[in-house]
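Hello,

Here is the structure I promised to pass on. Please open it first, then read my notes below.

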Amino acid sequence: MTEILPESRIIIHLSVMASIWLTSLVVLPVALLTAITFLRKKKTQQKGQPDWSIPTLDNHADRNSFFHNWNPAAKVASLLLYCFLIVSLKTFACSVTALVISLFAVYFSKLPWLPSLQRLAAMSGFLIMFLLVIPFSSREQPGETLLIFPLLSRFPFHLNGFFLALTIVIKACAIALLMEPMLGTSSLSATLQGFTRIGVPVPIIQMILLTHRYIFVFHQEMVRMQRSMKVRGYTARTDVLTMKTMGNFFGMLFISSYDRTQKVYEAMLCRGYKGIFPTFHTREISGKDLAKGGIWIMIGLVLLLIERLPSAP
Amino acid sequence: MHLSSSDYHLNGPAVADLLFAIEGLSFVYPDGNQALTDIALSISKGDRIALVGKNGSGKSTLVKHLNGLLPLQSGSLRYREKKTGPSIQSVLRQEIGILFQDPENHLFCNTIFENVAFGPMNQGRSRDEVEELVRGCLETVGLSHLMYKPAHLLSYGQKKRAALASILVMKPEVLILDEPTANLDPKQERILKELLAGFPGTLIIIDHDLLFLYDICERAVVLADGRIHHDYSIRELVSSQNSLKEHGLDFTFRFACCGGQHKPAPTSPHQHYHFSHDHGKNGAHAPAVPEAPILELQHFNYQYPDGTIGISDINLIVYPGETLAVVGENGAGKSTLAACLLGLNHGEGYFFSKGKKMDCRLHRALWRQVGMVFQNTADQLFCPSCWEEVAFGPQQMKLPAIEIKERVAEALHSVQLTGYEHRIPLHLSGGERKRLAIAAALSMHPEILLLDEPTASLDPKSQELLLKILEKLDMTKIIITHDMFFIRNLSKRTIVMHQGRIIRDYPTPAFLADKHIQASNGLDYTYKNTCLEEIMDLQRNHTAAAG
């Protein structure tokens, strides 16, 4: 049933519509997760345990593509600027165009799709919350369509709010997809060096480098400790013993990490560390690199201009 | 004999050759622990020193002074006649390389190439020079094919060699190694030994493995309670059993009951289906008793989630009460097999427990049947007191409080740790921690005890005690080890693994006599046996001379 109120709002009491929206909200992430599971199974050909290992960011940095042959500093600078331009988009159509461009970027970077999809899956919980919360909480606007769910008449579903949330989600996906071509097509140290050349403080870069290296060691230590607990019959429950065990577990991880920090620092000092990580890979920015950067910024600007230009009468 | 000053160079080294001159060096840690007291030591160019002593005797503290990692509190330390201090700190760090025990600490950059290039880049060398040095060094340690791999994808032995390359590439004058052989298989140990043999500079090695040190070092400095107790040739150290005993370094217990099995077996190797029988009085075999196996794997495979094959087509029978040794090079699949037997890895194939085919329910209950002592006790011990550590398993089994108390007391007693109930596991020595880990497994009354490299990083005294404890344990034991002595003394049956498969399953004497399998699988223990025989001769001569 549709009614037009004096404030020129359209209220639709459509339980079927509500079901469609809800179903689409549920189906989308489920489809995404199914695709990831399928790709993972195909990759590992393993019937047993899932692969919970931490993926290496620059595993495919030795390939050859438009992004691989791009100077990391120029690549990071221009793609970051492009990302800011994408964030500034407001219309649904331009955001979808940006998403399509990002999909093409992943395709042309010759990187596997799995890490990109995993990245999206990791964000999905947060993004779904946007889709669920914003439509119910956005401000009423004249002329907008409200959907009234059965039993939820106090909380109308704002269609404008929904499209706003969808635009945000699509922009987030477009940017997340670009992360793989930006960060996964050069070695991590080269990429981080690129960041230092655009002004990111060196200590932050060094911390990222060390974190990236030792997150694998930390993960392995954690897995080994969990296994040793498991062989002594540990199962997580909702009791005091479990809480105490978890406290001991995290405490021991903290102690071993602190201990390792000291030892790594000593090992660095022994090899002449004086506060700066020496960089071996340096590559000068060529005209071609600048041209590539210019293309990306132009694309971003064009998208922005299209939506900002006054529409035809 | 206690010495407070160096007597190795009694005639005094030539001044031009003198690298370190240490006088009256003492050091106290902020917590009040007196780590070094009145150390006097001189180290000359080309010296090959074994720095030995019990855990906590001050070895690591001493070497950290040598390259300026720890500040000088009292006494004097001169390097090439110059007082150490901030002014020559950079010289010290460029000329003195330290390889710490855990290679992970050395590999802090993203790829192996970057790790090895870190030192020479800090030395201010040109890029071309660094590249040439790095490639050459990685070639020397046999890792040039892994140059651009991240460190976490390397095996332990490869990490150790990569860490060594990152030190050697700086062309140090002095090379200091802390427990270089810990957790290495004989093949990796031999590679390391060859690399060290070719090192032209001064060498200082901290290790408990006197057989390894005997072959490389010429001089032995023995530390005890932060003081230098002996400073003489390594031949003198190993030939004096009293001196070895005094410092917990007596490894001659390894000679005591080997029955001459380091020599080829007098009879030809033979094989039986059942190994738990004894020899009859006339030397003939008693009839084998068919017994239901406690565990059995048939055509069992396990593949890691990343596609790496862990174990392949494993056929294994474990009988109640037997002690089984599992040997193989690093990466042969020994630990993966252990994880499968524990139910941690779910593979494909047939898995029987006491004749019953393993299903989900039995898999979940495997932890009650199999106790595990991991290679690195740091992975196993996480409770704030020894009592809680040992009680953890029984608590998970939901046993009554009285029974938990009884089991903890019994388990601690069986590993000779009674009275340690309130001690903090983190503060125990390596040997004590290992025994505590065994107690933690024993308190659950498992039918099978699985031990992964039980002797790794233990001093000889702790090894001897561990051997006695394991001999007394009346249960099925599966021991993953590279230690031939433990294999010989504890197991009647040995299985050899290679590339994820069991390639031999035979009686231990047959394995000990099988030089071919040892050599072809990187399990070459012959050089250690040669050292053993040489040392035995030295000790006999020393005893005869003293008598």
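Predicted model: local features only at pLDDT ≥ 70, side-chain atom pairs only at ≥ 80, totals over all residues.

**What I found**

Start with a helix in chain B. The buried residues of H11(B) are Lys334(B), Ser335(B), Thr336(B), Leu337(B), Ala338(B), Ala339(B), Cys340(B) and Leu341(B). Helix H11 of chain B spans residues 334-341, and eight of its eight residues are buried, so the rest of the structure largely encloses this helix.

The predictor's scores for the complex are an ipTM of 0.81 and a pTM of 0.78. Chain B has a mean pLDDT of 83. In that chain, 87% of the residues reach 70 or more.

Where does pLDDT stay under 50 in chain B? One stretch is residues 257-277 of chain B. The model has 36 contacts for it beyond four places in sequence. Residues 280-284 of chain B also have a pLDDT below 50. That stretch has two contacts in the model beyond near neighbours in sequence.

Now the interface. Chain A puts 46 residues in contact with 54 residues of chain B. Which of them gives the most? That is H8(A), with 14 residues. Sorted by class, the chain A side that touches chain B has 21 nonpolar, 14 polar and 11 charged residues.

Best wishes

Terms used: Residues numbered from 1 in each chain as written. Chains lettered and ligands numbered in written order. Contact = placed C-beta atoms within 7 Å. Helix = DSSP H or I, 4+ residues; strand = E, 2+ residues; numbered from the N terminus. Nonpolar A, V, L, I, M, F, W, Y, C, P; charged D, E, K, R; others polar. Buried ≥ 20, exposed ≤ 12 C-beta atoms within 10 Å, placed from the backbone. pLDDT = per-residue confidence, 0-100.
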